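You asked for a careful reading of this structure for someone who has not seen it before. The sequence and the model come first, and my notes come after them.

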Amino acid sequence: MIKKFIQYLYTGWCAVAFVVPMLILAIPIIIPLLISRRLDFITYFFIRFWVYCFSLLTGIWFIGHNKQVVDRKKSYIFVINHTSFLDAPAIPIAIPSTLVALGKKELSKIPVFGLVVNRLAIWVDRSSAESRKVSSAKLKELLRGGTSVLVAPEGTRNNTDEPLLPFRYGPFRLAIEAQIPIIPVVIHNAGRLMKRGSLLLRPGVVHCYCLPEISVEGLTEADLDQLTLTTFELMKQKIISLNEEGQ
């Protein structure tokens, strides 16, 4: 009972440590993007500083591995597994590039968080075919302009015992149509620090791994199934390997 009470207190403190630094840094995070996307490196500097503040205050640390596979001069479609709310601070540590994320419309309504990341995300209503179509067009425009895109192909948080939920086709179809390579990113251990079906947190380390680039050069709609399956298997095997290592 005492242990659970302490965990509630700790989780409340984590919420404060998440929101307050974000509020303090909101202006330097948002202003550069309001001026020009070419200033997004300033935004990401302050986002990573926010993650550092969160880690320092909570004891939840994020470590990025194999980031050298990312060429910062190129555009990519990054696909990640979705395990918990800790994925949000993990992403800017895992990926050295600046990017825009495709997110569920519901996330834009989260106080403070939705306001700050509004310029860093394309919101989509998954229940609306028109919303998905508009979002896809916006993402293609950003990719043509040199901006990388982040998508979670599972579509929702994985609350099962499986390493991954089945992937949706969206990001892979986008990669083929735009002829932009894919880099899978595995976020590991976040689900252990925030267990399935719970919002309670505990301190620890979240490890993030960039996997090798997957080229889509010359691929067509006929290759969509294989591209999706290949990416799924690469990420699944990495997660299984990490689980076996106990990292």
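Predicted model: local features only at pLDDT ≥ 70, side-chain atom pairs only at ≥ 80, totals over all residues.

1. As general background, nonpolar side chains in soluble globular proteins tend to be buried together.

2. The structure contains zero disulfides. C210 is in no disulfide, and the nearest cysteine sulfur, which belongs to C208, lies 8.4 Å away, whereas a disulfide would need the two sulfur atoms to be within 2.5 Å. C210 has a relative accessible area of 1% and is therefore buried. C14 is likewise buried, with a relative accessible area of 2%.

3. Is T58 buried or exposed? At 6% relative accessibility T58 counts as buried, because the cut-off for that term is under 20%. T58 belongs to helix α2, which runs over residues 40-58, and its side chain reaches the backbone oxygen of F54 at 2.7 Å. Not counting residues up to four places away in sequence, T58 touches Y10, C14, A17 and P203; of these, C14 is the buried cysteine with a relative accessible area of 2%.

4. Helix α3 (residues 87-94) deserves a point of its own, and D87 lies in this helix. Seven of the eight residues of α3 are buried, so the helix is largely enclosed by the rest of the structure; the buried residues are D87, P89, A90, I91, P92, I93 and A94. D87 itself has 4% relative accessibility and counts as buried. Apart from residues up to four places away in sequence, D87 touches N81, H82, I187 and A190. The C-alpha atoms of D87 and F62 are separated by 9.8 Å, while the two residues are 25 residues apart along the chain.

5. How many salt bridges are there? The count comes to two, and in general terms side chains of opposite charge can pair when their charged atoms come close. In one of the salt bridges the side chains of E213 and K74 meet, with 3.2 Å from N to O. E213 sits in the loop between β7 (204-210) and α8 (224-245), and K74 in the loop between β1 (60-65) and β2 (77-80), so this pair ties together parts that are 139 residues apart in sequence. Both partners are partly exposed, E213 at 34% relative accessibility and K74 with a relative accessible area of 33%.

6. E221 forms a salt bridge with R173, and the closest N and O atoms of this pair are 3.1 Å apart. This pair also links distant parts of the chain, with E221 in the loop between β7 and α8 and R173 in helix α6 (residues 170-178), 48 residues apart. E221 counts as partly exposed at 44% relative accessibility, and R173 is partly exposed with a relative accessible area of 30%.

7. The aromatic rings form eight pairs in this structure. In the pair of F167 and F232 the ring centres are 5.1 Å apart and the planes stand at 80 degrees, so the pair is edge-to-face. F167 lies in the loop between β5 (148-151) and α6, F232 lies in helix α8, and the two are 65 residues apart, so that the pair links distant parts of the chain. F167 counts as buried at 12% relative accessibility, and F232 is buried with a relative accessible area of 16%.

Definitions and conventions
Residues numbered from 1 in each chain as written. Heavy atoms only, no water. Buried < 20%, exposed > 50% of the residue type's maximum accessible area, 1.4 Å probe, protein only. Helix = DSSP H or I, 4+ residues; strand = E, 2+ residues; numbered from the N terminus. Polar contact = N/O pair within 3.5 Å; in protein donor to acceptor, adjacent residues only side chain to side chain. Contact = heavy atoms within 4.5 Å. Salt bridge = Lys/Arg side-chain N within 4 Å of Asp/Glu carboxyl O. Phe/Tyr/Trp six-rings, centres within 6.5 Å; stacked < 30°, edge-to-face > 60°.
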